[in-house]
Structures are given as structure tokens and as C-alpha cells.
Amino acid sequence: MASGRARPRRGVIGVHVLTVEGLHHAYAPGQVVTSNISFEVKAGEFVSIVGPSGCGKTTLLKALSGLLDPTGGTIKFQGVAVHGVPDGLAMVFQEYGRSLLPWKTVNGNIDLPLRYQDLDAEERRRRIDDSLQAVGLSGFGDRYPWQLSGGMQQRVAIARALAYQPKLLLMDEPFASVDAQTRADLEDLVAQVQDRFGITIVLVTHDIDESVYLSDRVIVLSKPPSTVLAQVDIALPRPRDQIITKAMPRFVEKRSAIAELIRRPTGAGLRHP
Amino acid sequence: MNRKPTSWAHPIAYALGMVKSFATRFGLGIALVILWQFAATRVGSIFFPPPTEILHRAAELWLSGPPRRLFLGDGVFQDVLPSIARLLSGWVLAVLVGLPLGVLIGRSRMASDLLDPSLQFLRAVPGPALIPIFIILLGTESTMRVALIAFGSVWPILLNAIEGTRAVDPLQLETARAFRLPRHARLWRIVLPAARPKIFAGMRVSLALAIILMVVSELVASTNGIGYRIQNSQIMFLLTDMWCGIVLLALLGCALNWLFIKVENRALAWHRGARGRGAAS
């Protein structure tokens with residue numbers, strides 16, 4: 001699997017999982033966070049969203065998830081306009097410590113969203129075990145989140161999302177609160193999991209290296225009121241490796257290109273190859 | 001209650017540790033009782049009988065019954081059990097009213113705006129001041145006393161339920177929404193468990209209040225109960241009987257608190273764990 005471009009995984013090729021058109025959001029009149037953001041995400045694609053701090057990355061992600069009703073524009077998930085959280089979408093938040101429920105065990109946390117799906121106990125059990133195994137936490141099901149390290153807690157949050165078997169996984173700076181080594185491990189875990197399950201992933205991050213390392217495509221946002229500054233195709237071979245991939249000239253080149261886009265004071269509507 | 005001696009290795013060291021921990025925790029109380037005993041025997045005031053005399057009288061009052069009544073004396077059936085029944089009924093009523101109302105106000109802006117000012121006003125009224133009105137409305141039977149206990153002890157539950165449900169981490173609720181948990185599930189699986197530590201704290205405070213209100217309610221127009229017995233004994237100059245009642249109240253308070261902590265520890269084991277072991281209630 002060393003093909004370059006956004007390679008189709010198990011999803012239907014070319015089908016847009018997510019379509020964003022002219023997205024506009026203001027928290028108050030005159031306080032425009034995002035203005036006129038448009039992009040598409042294909043099935044099986046790994047897309048990262050980067051931009052200067054305060055550019056409304058999290059706002060954008062919340063709008064994509066249906067948690068936030070944007071003031072303008074349309075978002076379509078699997079061809080249907082998003083109003084409220086659609087079915088088939090899961091989220092991983094940055095603050096794993098707050099997103100996991102401390103009164104539930106690891107199993108209980110993963111199970112909770114499944115309880116309200118049409119699944120029997122056996123299927124739920126199987127999904128919990130499978131997802132825990134996928135994130136390397138088999139045997140930790142009876143622990144409480146607060147008994148685990150930060151990195152392990154974020155793995156639980158990822159397992160919870162996996163067990164839910166989403167079509168689209170949204171991740172909001174999921175590795176921003178863990179140490180560097182754990183971060184690298186979690187990045188590889190997500191890459192591996194995506195390869196295995198063929199989920200479409202949209203990742204919001206402020207870390208350019210991370211976005212290049214993980215993605216098929218990186219969407220660069222401008223300062224607020226933010227627009228899409230550029231969409232950068234990464235086209236690095238997979239599977240990627242923390243040392244080998246990051247030493248490739250192409251990696252360095254993409255990283256520099258994106259860093260420059262973000263650093264540049266203004267410049268709208270620019271399309272980068 | 002959660003500090004355990006760590007050295008299991010050596011039985012003698014363990015035993016010594018137990019003795020030391022017991023001495024630290026109860027030494028002062030025991031010393032005071034001995035001092036009281038000594039001083040009371042010495043001075044011989046009828047207002048302050050020695051603890052041995054109080055104990056002796058207490059046994060006569062409450063533990064002199066026939067075996068088929070588990071040796072419980074008439075006093076238990078006349079005064080102690082009715083008091084406990086009122087206390088618990090009043091407190092349970094306070095929980096049943098305060099908890100749902102608090103959750104409603106905590107989660108609904110509308111309910112909060114609608115109810116909060118009136119409740120703040122009512123809360124400012126000291127319960128005992130309403131006894132005359134309660135008597136007019138509910139008579140002088142147990143109903144009035146239960147109502148008074150409930151009215152006076154509902155506030156800590158209500159306020160803590162409001163505060164606890166308001167303070168639920170927005171991210172936990174957002175997570176629940178992101179995973180499409182239905183509304184009722186968000187209430188039962190997120191809001192209520194998250195607010196549970198606060199709610200329990202409120203219930204515990206209100207239990208202590210309920211004991212005070214039980215006594216107060218029995219001081220007015222009553223014919224039985226621990227409060228009535230204490231007041232009656234004082235009027236009739238049965239000072240040892242009066243002291244018995246006071247000691248019994250203290251024991252009752254401790255016992256209820258102890259029981260409550262047992263339940264709370266089970267229900268909130270995760271909470272203490274999450275906050276770091278040893279950081280108890």
C-alpha cells in the first residue's frame with residue numbers, strides 16, 4: 001500500500017462523505033469566526049484542518065458534527081443537510097479527562113453510546129472487546145478512566161468512537177494534551193486504525209507536522225474571519241513511519257509550505273497545489 | 001474512616017497501630033467523660049448527674065422491656081420510634097420534593113427564572129417560625145411535625161441539586177450529544193451521576209437539620225417523642241431523664257450520619273477515586 005494520492009480505502013470511491021459550502025459562523029454580530037468556508041471530504045479520506053490559533057478550527061468541527069448550528073452556509077453529511085448530530089458520526093475531544101465519564105469503567109464508557117443503538121448485548125460486548133483490542137487496551141475494561149494515564153484515556157476515547165462504528169470520525173486536537181512520545185504512539189495508532197477500519201477522518205490540529213504526517217490532504221484556514229487558504233495534497237506513501245516519513249524531502253516541503261501559509265499575514269482564496 | 005494502617009507485615013505493629021489510631025480518634029471523648037464522671041460525683045449537683053447514672057437511667061427507660069420486645073422499654077415505643085419515624089418521613093419527603101425540583105431548576109433556565117425568587121424568599125423563613133401556621137393548617141399530630149421537618153430540611157438538598165446539575169461539565173454533555181444519547185439518557189446517565197456528589201452532600205446536611213427540626217417540632221403541642229420527653233423531664237425536674245434524652249439524640253445523630261456515610265461511600269466510590277485517594281468527603 002504505497003500509492004501516493006488520497007487512496008480509496010473501504011469506502012465507496014469518489015463519494016463525498018462531507019460537503020461544506022459557504023460555511024459562515026458568528027458568535028455575535030460583527031464577531032465573525034468563519035466566513036465562507038467550502039470543502040469536501042471523500043470516503044476513506046484522512047483530512048486535517050490547520051490554521052493560526054483562534055481561526056475557528058474548533059467552531060468548524062462543531063458545526064461539522066452538528067453540535068453547533070452555523071449562522072450560514074450548508075453542511076451535508078452523506079448527502080443530507082446536517083441539522084443536529086447526524087447518525088454515523090463520532091467524535092474524539094482533546095480533553096479526554098473530561099469527555100470520559102469518571103463514574104463509569106472503561107467498558108461502561110464505551111458501552112454507553114451503544115446502548116441507544118439497536119444492538120443486542122452480545123454484539124455490544126463484541127464491539128467493546130474489539131475496539132479495546134484495536135487500541136491496545138485489552139484487559140483494561142474494568143478499570144476506571146482516572147486509574148489510567150492520559151495517553152491510555154485518550155485510547156479509551158478512541159475505542160469508544162471505534163465501537164460506535166462511525167462513517168466519519170471527527171477529532172478535535174486529540175493529541176494536544178499528552179506528552180511527545182505518547183503523542184507519536186497515538187498518531188500511529190490512529191493511522192493504523194483508519195487503515196484497518198477504513199473510516200473517514202477529519203482531524204483538527206494546530207500541529208503542522210502532525211497534519212502532514214497523518215493526512216491525505218491538509219486544509220489550511222486563514223485568520224478570522226477565516227476562509228480556506230489552501231488545500232494541500234500530501235501524497236506521502238503509506239504506511240507512514242515517524243522517522244522515515246518525517247525525513248522525506250516531500251514531508252519537509254509540505255510542512256514548510258503549510259507553515260508559510262499560516263504565518264503569512266493575509267491572503268485569501270489562494271489555491272495551493 | 002478511610003485511613004487504614006499500612007503495615008500488615010507485622011501483627012504486633014498492626015495491633016499497636018490500631019490502638020494508636022483508636023486512642024487518637026476517641027481518646028479526647030473518653031477523657032472528657034471520665035472527667036465529667038469525676039467532677040459530677042465530687043460536686044454532686046442534681047443538674048449534672050454523672051455519666052454512670054445517666055447510663056443506668058437510660059437502661060431503665062429504654063432497655064427494660066420483656067424479651068419478646070427485644071428488651072426494648074416502653075420509652076422506645078412511646079418516644080424514640082415515633083421520633084425516628086417523623087424524622088425519616090420528613091427527610092424522605094424533603095428528598096422527594098427537593099431533588100426533582102432542584103434538578104428541574106438546575107437544568108431549565110425557564111424553571112429557574114420562574115421558581116428561584118420565590119424559593120429564595122421561602123428559604124429565608126426559619127422553619128420553626130412557621131409552627132403556628134403549620135398547626136393551623138395541619139393540626140397537632142405527626143403530619144404537622146413531618147411537614148415542618150420536610151420544610152426545614154429541604155433547602156440543602158434543593159440548593160445542592162440545583163448547583164450540582166448546573167455544574168455538569170459541558171463537555172460531558174457535548175460528548176453525550178455527539179453520540180446521540182437521547183434526552184432522558186443524558187439526564188439519567190450524565191447529569192444525575194455528575195451531580196451525585198453534590199446531591200449526597202446536600203442530603204447529609206439536611207439529615208442533620210432534620211434531627212434538629214424533629215426536636216423543635218416536638219417541643220410544641222406534643223404528647224410524645226424524644227424532644228417532648230426532654231422538655232417534659234426538665235419541667236418535672238427529672239434531670240437525669242433529660243440528660244438521657246440529650247445523649248440519645250447525640251447517639252441517634254451519629255448513627256444516622258454513620259449509616260449515611262456508608263451508603264455514600266458505596267455510591268460515590270468513583271468520586272473519591274477520581275479526586276485522588278484519601279481526599280474523602
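**The A–B contact and the elements around it**

The contact between the two chains draws 17 residues from chain B and 19 residues from chain A, where two residues are in contact if their C-beta atoms, placed from the backbone, lie within 7 Å. The structure is a predicted model, in which local features need pLDDT of at least 70 and side-chain atom pairs count only at pLDDT 80 or more, while totals for chains, interfaces and linings use all residues. Residues are numbered from 1 along each chain as its sequence is written, and chains are lettered from A and ligands numbered from 1 in the order in which they are written.

On the side of chain B that touches chain A, the elements giving two or more residues are helix H7 (170-178), helix H8 (183-219) and helix H11 (269-274) of chain B. Helices (H or I, at least four residues) and strands (E, at least two) are DSSP runs, numbered from the N terminus. H7(B) supplies the largest share of this side, six residues. By class, the side of chain B that touches chain A holds nine nonpolar, three polar and five charged residues; Ala, Val, Leu, Ile, Met, Phe, Trp, Tyr, Cys and Pro count as nonpolar, Asp, Glu, Lys and Arg as charged, and the others, Gly among them, as polar.

H7(B) and H8(B) also meet each other. Their axes come within 11 Å and cross at roughly 165°, with axes being lines fitted to C-alpha atoms, for helices over the stretch in contact, and angles running from 0 to 180 degrees between N-to-C directions. This makes H7(B) roughly antiparallel to H8(B), a term for angles over 145 degrees. B:Gln172, B:Leu173 and B:Ala176 of H7(B) make the contact with B:Arg186, B:Ile190 and B:Ala194 of H8(B). In class terms, this helix pair brings together four nonpolar, one polar and one charged residues. The loop between H7 and H8 of chain B holds B:Arg180, whose phi is near 55°, a positive value in a residue other than glycine. B:Arg180 is partly exposed, with 19 other C-beta atoms within 10 Å; a residue is buried if 20 or more other C-beta atoms lie within 10 Å of its own, exposed if 12 or fewer, and partly exposed in between, with C-beta atoms placed from the backbone.

Turning to chain A, an open sheet of six strands runs in the order S6-S7-S8-S3-S9-S10, with mixed pairing. Strand S6 (89-92) and strand S10 (228-233) of chain A stand at the edges, each with a single partner strand, so one side of each is left without a neighbour in the sheet. On average, neighbouring strands of this sheet are turned by 15° against each other, direction ignored. S6(A) pairs with strand S7 (residues 168-172) of chain A in the parallel sense over four bridges, pairing being called when DSSP finds at least two bridges between two strands. Within this pair, A:Ala90 has A:Leu169 in S7(A) as its bridge partner. Helix H5 (residues 150-163) of chain A lies across S6 and S7 of chain A, running at about 180° to S6(A). Helix H9 (residues 249-263) of chain A lies across strand S3 (46-50), strand S9 (217-221) and S10 of chain A, running at about 180° to S10(A).

Some backbone details complete the picture. The peptide bond from A:Pro224 to A:Pro225 is cis, with omega near -5°, and A:Pro225 sits in the loop between S9 and S10 of chain A.

Note on methods: Parallel < 35°, antiparallel > 145°, perpendicular 65-115°, else oblique.
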